[in-house]
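Here is a short report on one chain.

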Amino acid sequence: MKFFLTIYICSVVSQQCAEVPMEKHEYNRFYKTHYGCMQKGLGESYEVLFGGKVFQADQIESLELYPKFTCEKLDIKEKPEA
């Protein structure tokens, strides 16, 4: 079992959400546990908004941005080690 993390940034002003492009902020998408996925989702969402590389404070303020993320459960079988 794996969990797939997807981070979105949403705007109250436009009432739309968009996935954060990997070229703007690269992050690990696969986790072994729901706990790990949730923990990284919170941390990476914070980094996207407040790290200063993707958005500036004035953009966050004027567009009223907020983070959203999902941890989707995937039924992926691990490959046996040789």
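## Disulfides

This predicted model holds 2 disulfides. A disulfide is a covalent bond between the sulfur atoms of two cysteines. With the bonded cysteines numbered in sequence order, the pairing reads 1-2, 3-4.

## Cys10 and Cys17

Cys10 and Cys17 form a disulfide, with sulfur atoms 2.0 Å apart. The torsion about their S-S bond is about 105 degrees, so this disulfide is right-handed. Cys10 has 0% relative accessibility and counts as buried. Cys17 is partly exposed, at 39% relative accessible area.

## Cys37 and Cys71

The sulfur atoms of Cys37 and Cys71 lie 2.2 Å apart and form a disulfide. Here the S-S torsion is about -100 degrees, so the disulfide is left-handed. Cys37 sits in helix α1 (residues 34-50) and Cys71 in strand β4 (residues 65-74), so the pair ties together parts 34 residues apart in sequence.

Both partners fall under the 20% cut-off for buried. Cys37 is at 0% relative accessibility. Cys71 is at 17%.

## Fold and dimensions

The chain has 2 helices and 4 strands. From the N terminus, the order is β-β-β-α-α-β. Among contacts between residues at least 6 apart in sequence, 69% join residues at least 24 apart.

The radius of gyration is 15 Å, whereas a compact globule of 82 residues would have one near 12 Å. Along the principal axes, the C-alpha atoms fill a box of roughly 55 × 25 × 20 Å.

## Surface and charge

Buried residues make up 33% of the 82 residues. The accessible surface is about 6,100 Å², and 54% of it belongs to carbon and sulfur atoms. The chain carries 10 positive and 12 negative side chains, and the centres of the two sets are 8 Å apart.

Technical notes: Residues are numbered from 1 along each chain as its sequence is written. This is a predicted model: local features need pLDDT of at least 70, side-chain atom pairs count only at pLDDT 80 or more; totals for chains, interfaces and linings use all residues. Side-chain values use heavy atoms; hydrogens and water are left out. The radius of gyration is taken over C-alpha atoms; the globule rule is 2.2 Å times the number of residues to the power 0.38. Buried means under 20% relative accessible area, exposed over 50%, partly exposed in between (1.4 Å probe, protein chains only). Contact means heavy atoms within 4.5 Å. Accessible areas come from the Shrake-Rupley method with a 1.4 Å probe; for residues, only the protein chains shown count as cover. Lys and Arg count as positive and Asp and Glu as negative; His and the chain ends are not counted. The place of a charge is taken as NZ of Lys, CZ of Arg, CG of Asp or CD of Glu. A disulfide is a pair of cysteine sulfur atoms within 2.5 Å.
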